[in-house]
Amino acid sequence: MIKSLDNKRCSDLLKSNYIGYLSYISNNRPYTIPITFFFNDKEDYIICYSGNGHKIDAMRRQPNVALAIADIATNNQWQSVLVHGQYNEIDGGTAKLYLHEFSLGIKEIVLKKERKDLDYISEFSNRVYNQDTPIVFLIKVEHMTGKSRS
C-alpha cells in the first residue's frame, strides 16, 4: 500500500541523501538531471553547485524548480520526496561559505550511510579554494511531498 509521508519524514529523507534529480524548464520543455545536493533542515534550503551551462541559464530565466529523491530497496519497498522551490544564485564569499557547508554535510552523510570517507571532498575543497568558485545556488523549499510503499 502506498502512503503519504509527513513533513518530518520527508525532511529526514532529504537529510539522509545527497543525490537527487533536479527538474527545471528551458524553452517550454522540462529537463531532469542528476545532481548532488545538501539539505539544511534548520533553514529549509537545499545547496547545489554547477558550472555555467544550460541548466544555470535556464534556471536564471525560470527559477521555479523541483528536486526529487528516492530510497528504493525493492519494487514493493521504497520512499520518495518531491520538493518544489525557487532557484537562488549565491555569489562571492557567501558562496564559499555555502560550499563549505555543502562539503561538510555530504561527507557526514556518506560516512553515516556508506561508512566510508571521501577523498574527493578534500580534492573538491582544494579545487574550490584554489580556483574560481563554481556557481552556487540554493533551492528554498516552498513545498514538499513524499510517498512510501512497504
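Hi everyone, let me start with one residue. If you set aside the neighbours within four places in sequence, His54 is in contact with Tyr24, Ser26 and Tyr31. One quick caution before I go on: this is a predicted model. His54 sits in helix H2, which covers residues 54-61. Take the pair His54 and Ser26: they are 28 residues apart along the chain, and their C-alpha atoms are separated by 8.4 Å. Is His54 buried, partly exposed or exposed? With a relative accessible area of 40%, His54 is partly exposed, because that label covers values between 20% and 50%.

Now let's step back to the whole chain. The protein chain has 4 helices and 8 strands. Reading along the sequence, you get β-α-β-β-β-β-α-β-β-α-α-β. Of the 150 residues in the protein chain, 38% are buried.

Ile35 belongs to strand E3, residues 29-36. Its relative accessibility is 8%, so Ile35 counts as buried, the cut-off being under 20%. What does Ile35 touch, once we leave out residues up to four places away in sequence? The list is Tyr18, Ile19, Gly20, Leu22, Cys48, Tyr49, Lys55, Leu67 and Phe137. Pick Leu67 from that list: Ile35 and Leu67 are 32 residues apart along the chain, and 9.0 Å separates their C-alpha atoms.

Cys48 came up there as a contact of Ile35, which brings me to the cysteines. Cys48 is buried, with a relative accessible area of 0%. Cys10 is buried too, and its relative accessible area is 0%. How many disulfides are there? The count comes to 0, where a disulfide would need a pair of cysteine sulfur atoms within 2.5 Å.

Asn28 lies in the loop between strand E2 (19-26) and E3. Phi of Asn28 is near 60°, a positive value in a residue other than glycine. At 77% relative accessibility, Asn28 counts as exposed. Asp44 is in the loop between E4 and strand E5 (45-50). Here phi is near 65°, again positive in a residue that isn't glycine. Asp44 is partly exposed, with a relative accessible area of 27%.

Last stop: the largest pocket. Its volume is about 250 Å³. The lining is made of 14 residues, and Lys15, Phe38, Glu108, Ile109 and Lys112 lie nearest the centre. Which elements give two or more residues to that lining? They are strand E4 (38-40) and helix H3 (92-114). H3 gives the largest share, 7 residues. By type, the lining residues divide into 4 nonpolar, 3 polar and 7 charged.

Conventions
Residues are numbered from 1 along each chain as its sequence is written. This is a predicted model: local features need pLDDT of at least 70, side-chain atom pairs count only at pLDDT 80 or more; totals for chains, interfaces and linings use all residues. Side-chain values use heavy atoms; hydrogens and water are left out. On a 1 Å grid over the protein atoms alone, a cavity is a set of points where a 1.4 Å probe fits but cannot get out, and a pocket is an open set with protein on both sides within 12 Å along at least five of seven lines; lining residues have an atom within 4 Å of a point. Grid points are joined across faces, edges and corners, and a volume is the space filled by probe spheres set on the points. Ala, Val, Leu, Ile, Met, Phe, Trp, Tyr, Cys and Pro count as nonpolar, Asp, Glu, Lys and Arg as charged, and the others, Gly among them, as polar. Buried means under 20% relative accessible area, exposed over 50%, partly exposed in between (1.4 Å probe, protein chains only). Contact means heavy atoms within 4.5 Å.
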